[in-house]
Amino acid sequence: MNKAIGQKWEEVEKELFTPEEIAESDLRVAVIGEQIKARNEKGLSQRELSSLSGIAPNVITRIKI
């Protein structure tokens, strides 16, 4: 529990977002996590990933992969 706000994040999250929004956010976090893991396993920098994928470096940076 966060003493400053008096609730756990999960409780606040349920008040602010629909179950569908929470599921979408959880999926997005999982996918990004897998992308980061795969990039690191291959030893690629974000710049190298950009070059290989054709995705602009600023887009890769924004999604933290």
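Select E24 and R28 to begin: both sit in helix α2, four residues apart, which is about one turn of the helix. An α-helix has 3.6 residues a turn, so residues three or four places apart point the same way. The model is predicted, local features need pLDDT of at least 70, side-chain atom pairs count only at pLDDT 80 or more, and totals for chains, interfaces and linings use all residues. Residues are numbered from 1 along each chain as its sequence is written, and side-chain values use heavy atoms, with hydrogens and water left out.

Stay with this pair. E24 forms a salt bridge with R28, and their closest N and O atoms are 2.7 Å apart. A salt bridge here is a side-chain nitrogen of Lys or Arg within 4 Å of a carboxyl oxygen of Asp or Glu. By this rule the count comes to one salt bridge. E24 is partly exposed at 48% relative accessibility, and R28 is partly exposed at 46%. Buried means under 20% relative accessible area, exposed over 50%, and partly exposed in between (1.4 Å probe, protein chains only).

Next, select residues 19-42, the whole of helix α2. This helix has 24 residues and reaches 35 Å from its first C-alpha to its last, close to the 34 Å expected at 1.5 Å a residue. The expected span is 1.5 Å times one less than the number of residues. Just after α2, G43 takes a positive phi of about 70 degrees.

Now pick R39, also in helix α2.

Move to F17, in the loop between α1 (9-16) and α2. F17 is partly exposed, with a relative accessible area of 36%. Select W9 and L16 with F17 to see a nonpolar surface patch of about 330 Å².

Finally, show the whole protein chain. It has four helices and zero strands; helices (H or I, at least four residues) and strands (E, at least two) are DSSP runs, numbered from the N terminus. Buried residues make up 12% of its 65 residues.

Definitions and conventions. Patches are made of residues with over 30% relative accessible area and no salt bridge: like charges are joined within 9 Å, nonpolar side chains (Val, Leu, Ile, Met, Phe, Trp, Tyr) within 5 Å. Accessible areas come from the Shrake-Rupley method with a 1.4 Å probe; for residues, only the protein chains shown count as cover.
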